[in-house]
Amino acid sequence: MSLTGPKDSFGRRLISVPLLLFFFGPIAFPQSSRRSQAADPTASEVRAEFLHAWNGYKKYAWGHDDLKPLSKSYHDWYAQSLLMTPVDALDTMLLMGLKDEAATTKEYIIHNLSFDKDISVQNFEITIRLLGGLLSSYQLTGDRRLLTLAEDLGNRLLPVFDSPTGLPYRFVNLRTGKVRDAKTNPAEAGTLLIEFGTLSKLTQRPIFYEKAKRALVEIYKRRSPIGLVGTWINVETGQWTDTDSHISGAIDSYYEYLLKSWLLFDDQDCKRMWRDSITAINKHLADEFHREPSRNTLELWYGHAEMNTGRRTSTTYGALDAFFPAILALSGDLNRATQLQRSSFMMWQLHGIEPEEIDYKTMAVTYAGYPLRPEIVESTYYLHHYALAAGRKTTAADYRQQGKLMFQDFVKHCRTEEGYAALKSVLTKEQSDSMQSFLFAETFKYFYLLFAPPKTLNFDKVIFNTEAHPIRKTWS
Ligand code: DMJ
């Protein structure tokens with residue numbers, strides 16, 4: 001077979017990305033065999049459970065946003081479906097090597113997903129799930145029709161940034177561009193740059209990068225004198241309306257995107273903003289103590305504090321906060337990452353599956369639901385990766401063991417006849433009729449990657465968006 005095309009500086013023939021995909025199939029981003037490690041049989045179990053849930057979705061909810069696993073019906077977020085589950089699930093299928101399923105799903109999305117709809121949608125959720133999912137699947141398959149869909153969506157979301165401060169409104173009508181909801185939070189305003197920035201790089205249209213970056217900077221600029229941000233802010237006045245500071249829901253992924261945008265785009269402003277922020281977080285939100293004076297182990301948690309004074313306002317930590325060990329590890333702080341992961345796992349083991357929130361001082365559950373969240377699995381995967389990369393095989397095996405225990409609990413309590421169900425309460429284990437699309441995008445993906453051979457995805461070459469869609473830096 002003769003190849004045409006440009007040659008590199010050594011005279012070797014360069015193969016284009018689509019050609020590479022053609023020759024090597026959709027399992028993209030392979031890495032060197034240096035760190036090759038055998039697959040754990042649990043990887044196949046995870047894939048089988050992914051298919052169990054996916055088949056339930058196909059049978060009862062095909063073409064809709066989500067499966068309702070107990071009533072065996074469907075749920076759409078808005079008046080018309082935006083195919084949340086298929087778009088969120090597609091890159092996981094590709095990584096799992098489910099080629100036929102992925103091909104059918106991709107064609108379905110391309111022929112049935114239209115954003116020309118008279119519905120008002122939540123910018124943050126649509127960005128992380130749909131824009132992120134389309135961009136990642138485009139990079140994995142090379143199918144430009146996915147990029148076309150992503151660009152159309154990006155164009156329709158742009159009006160959110162037309163506020164007096166540049167901070168985005170929370171909702172936008174996909175057809176008319178009408179915006180609403182001036183009260184937002186750092187997570188919703190600041191979790192856009194990976195997706196919008198990637199769209200800029202892939203379409204050569206800087207506007208997406210500029211708007212999303214400005215939003216991130218506008219939050220940072222309004223940090224308190226001690227470097228913390230609050231929970232709610234008005235995008236028209238730029239004033240905080242709730243000054244509670246923490247790393248939990250409504251703030252969490254703002255910090256995640258400061259770090260990851262620096263790494264993905266080599267953005268030096270993001271680097272500075274991340275460094276300032278993590279210093280303040282560790283100074284004012286971290287809570288380190290010995291539970292019992294007789295015990296040697298120092299526990300690390302992150303609680304809540306008033307953003308201006310640093311006064312501790314509550315000692316709660318939850319399922320969403322459990323993303324932070326991954327972030328600490330990615331930033332190079334493996335000590336705190338390891339310590340915090342121990343705390344998260346302690347929280348999981350309290351009732352054999354993780355509650356949404358506990359008081360870490362008393363270990364009492366303050367919010368008992370479990371909506372199939374992925375964050376603790378994400379952190380386990382990261383820590384396993386770093387242990388393996390450092391040649392610490394026993395530590396890596398411990399993280400897989402931790403993952404196995406969590407996977408067993410997860411299957412035991414959340415599996416239903418035709419899918420997976422959230423739990424109303426981890427105390428009673430009563431299920432609820434909900435199966436959010438992040439189950440496919442994140443929970444199953446991180447479980448799978450934890451047990452699959454590392455060559456499945458070259459960790460060092462991607463940045464996961466907050467919905468676990470891996471984005472590869474294909475630009476210089
Ligand atoms: C996901 O949509 C994202 O991970 C988001 O950042 C937080 N919530 C869910 C998963 O828990």
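I started with how enclosed helix H14 is: 14 of its 15 residues are buried, so the rest of the structure largely encloses H14. Buried here means under 20% relative accessible area, with a 1.4 Å probe and protein chains only. Helices are DSSP runs of H or I with at least four residues, strands are E runs with at least two, and both are numbered from the N terminus.

This is a predicted model, where local features need pLDDT of at least 70, side-chain atom pairs count only at pLDDT 80 or more, and totals for chains, interfaces and linings use all residues. Residues are numbered from 1 along each chain as its sequence is written, and side-chain values use heavy atoms, without hydrogens and water.

Next I checked the length of H14 (residues 375–389): at 1.5 Å a residue it should span 21 Å, and its end C-alpha atoms are 21 Å apart, which agrees. The expected span is 1.5 Å times one less than the number of residues. Just after H14, I found Gly391 with a positive phi of about 75°.

Then I zoomed out to the chain, which has 16 helices and 20 strands. Its radius of gyration is 22 Å, close to the 23 Å from the globule rule for 476 residues, so the chain is as compact as a globular protein of that length. That radius is taken over C-alpha atoms, and the rule is 2.2 Å times the number of residues to the power 0.38.

I also noted the box filled by the C-alpha atoms, roughly 70 × 55 × 55 Å along the principal axes. Of the 476 residues in the chain, 61% are buried.

Notes:
Buried means under 20% relative accessible area, exposed over 50%, partly exposed in between (1.4 Å probe, protein chains only).
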